Every structure is written in C-alpha cells, then in structure tokens.
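Let's take a friendly walk through the charged side chains of this protein. The sequence and model come first, and the notes follow.

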Amino acid sequence: MVPTLTADDVRAALALRADPYYAESLARFFQTHPGGYGEGDVFLGVRVPVVRAVAKEHTGLAWSEVRDLLDDDEHEHRFAALAMAVDAFRRALRPRSRDDALRKQLHELYLDAVHAGCVNSWDLVDVSAEWLVGEHLRTEGAGTALVMELVGEQDLWRRRVGIIATFAHIKAGASAPTFAAASAVIDDRRDLIQKASGWMLREVGKRIDRAALVDHLTEHASRMGRTALSYATEQLDADLRAQLRAL
C-alpha cells in the first residue's frame, strides 16, 4: 500500500533542503524587519525551483493538508502549497483532465487563505492570483465583481491579488478589467500596489493594444504615482514616455 502523503512530509522535505545563510538573505530581501512589508515572515532558505520540485514530489496531497501548509509561518511551506494548488488547477483546465468541481474547490480554498492572511507576500500573490482568481472567474464567465471587491479593500495583499488576477484577462485579450482595477487603486501610493498596477498596465500595451494603453495613461497619468507610471510606460518609446510622465 502506498503511504498517504501528509503536510508533515512536505515540511520535512523542505527542512532537508534549508540553507540558513540563504534564509538570512531572503529575510532581508523580503523586508521581514519590524515595519517592513514582510514583517514576521519566516524563511527556511530554499530556492524557488527546489520548492517547486518538492511540491511536484507531493502531488496528490489532500487539499485539507495543503490548507494546513498555508497556515504555516514558514514562507516556503506556503509557496509549496500554492504551487500544488496552481498545478492542480491548471491540470483541471485541460480538456482531457477537465474538472470544474476541483477548480471551484481550489478557488474557494484560495480565497479562504487570502482572507485569513496566509497569502501575504508579493511572490505568493504573483504565483497564484492569476490562476486561482483571474482564470477561474474568466473560465466560469463570472465577471469581475470579485476582482473589484478585492481591489476595493485596503489590505495590501488582497488588493494586490485583485490587480494580478487581471493578468488572466489580459492573456485572453481583455483589457477592461485591468483598466478598471488600475483606476480603483490609482491613489494608493504603496510600492507593491504601484508596481502591480504599472506592471499589469504595461502588459496590456505589450499583449493587447498599445494605443488603448496610451489613451488610458493620457487620461490618468496626472493622478498616477511615479512608480506605477514608470512601470506602465517602460516599453513605450522615449519621447512618448517623457510626454506621459510630464503629465
């Protein structure tokens, strides 16, 4: 009989690969110091490709066990749990392994973790929100009310989840959700919101319609933060970039 995998198996596998020196570097990079956006986060010092490999080794872990990992203090435990959820979600999108019920279950598990404060770092958001919120809503034809609800919150991470979720719509050729989300957070000067908003706007110009991006920026540049505008205009020509930034 094949032994049943547990969350403790994942924890043990990650502990074996921990590097305390790298953990110190990660703690500095993710600003875990008092007052930093990552205050209190705990790092084992496991590199992302290794965390992903551990997640793949534990495919089939019960979703209740994955949810337990998301409650852990250790950053890599939460990343591994999200990697498992996203991989399963993407498999459930494929025609041969399509599973609408599983996608809904993973979406709900994710929202529960988001509202519980478990998805609380930019890398955790960026690896998961596009799929477990954005692609779920898009595939289900559910509209973007949830996206606007998330960006309407003051919580840093829930707001970033809402913004990054629109990446799924961008990849499907729809720019309106991103424009709406960016407009909703236009007065938020927090760095991680500015960067997310500017990044998604830049992707609209890159993947969908450069002219639509320029029109949006022409209308809103005077209110945008410097960082968001810098990210959004990154791939425009120098003269147009200067003109928009001058607004």
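This is a predicted model: local features need pLDDT of at least 70, side-chain atom pairs count only at pLDDT 80 or more; totals for chains, interfaces and linings use all residues.

Side chains of opposite charge can pair when their charged atoms come close. Searching the whole structure turns up 22 salt bridges.

## One turn along a helix

Glu108 and Lys104 make another salt bridge, and their closest N and O atoms are 2.4 Å apart. Both residues sit in helix α6 (residues 100-115); they are 4 residues apart, so about one helical turn separates them. Glu108 is partly exposed at 41% relative accessibility, and Lys104 is partly exposed at 45%.

## A link between distant parts

Arg210 and Asp237 also meet through their side chains, in a salt bridge of 3.2 Å from N to O. This pair connects distant parts of the chain, 27 residues apart: Arg210 belongs to helix α13 (residues 210-220), while Asp237 is in the loop between α14 (226-232) and α15 (238-246). Arg210 counts as partly exposed, with 41% relative accessibility, and Asp237 does too, with 40%.

## A network and a positive patch

Salt bridges also link Arg98, Asp100, Arg103 and Glu140 into a network.

Which residues form a positive surface patch? They are Arg52, Arg90, Arg91 and Arg94. Of these, Arg91 lies in helix α5 (residues 75-91) and is partly exposed, its relative accessible area being 31%.

How values were computed
Residues are numbered from 1 along each chain as its sequence is written. Side-chain values use heavy atoms; hydrogens and water are left out. Patches are made of residues with over 30% relative accessible area and no salt bridge: like charges are joined within 9 Å, nonpolar side chains (Val, Leu, Ile, Met, Phe, Trp, Tyr) within 5 Å. Accessible areas come from the Shrake-Rupley method with a 1.4 Å probe; for residues, only the protein chains shown count as cover. A salt bridge is a side-chain nitrogen of Lys or Arg within 4 Å of a carboxyl oxygen of Asp or Glu. Lys and Arg count as positive and Asp and Glu as negative; His and the chain ends are not counted. The place of a charge is taken as NZ of Lys, CZ of Arg, CG of Asp or CD of Glu. Helices (H or I, at least four residues) and strands (E, at least two) are DSSP runs, numbered from the N terminus. Buried means under 20% relative accessible area, exposed over 50%, partly exposed in between (1.4 Å probe, protein chains only).
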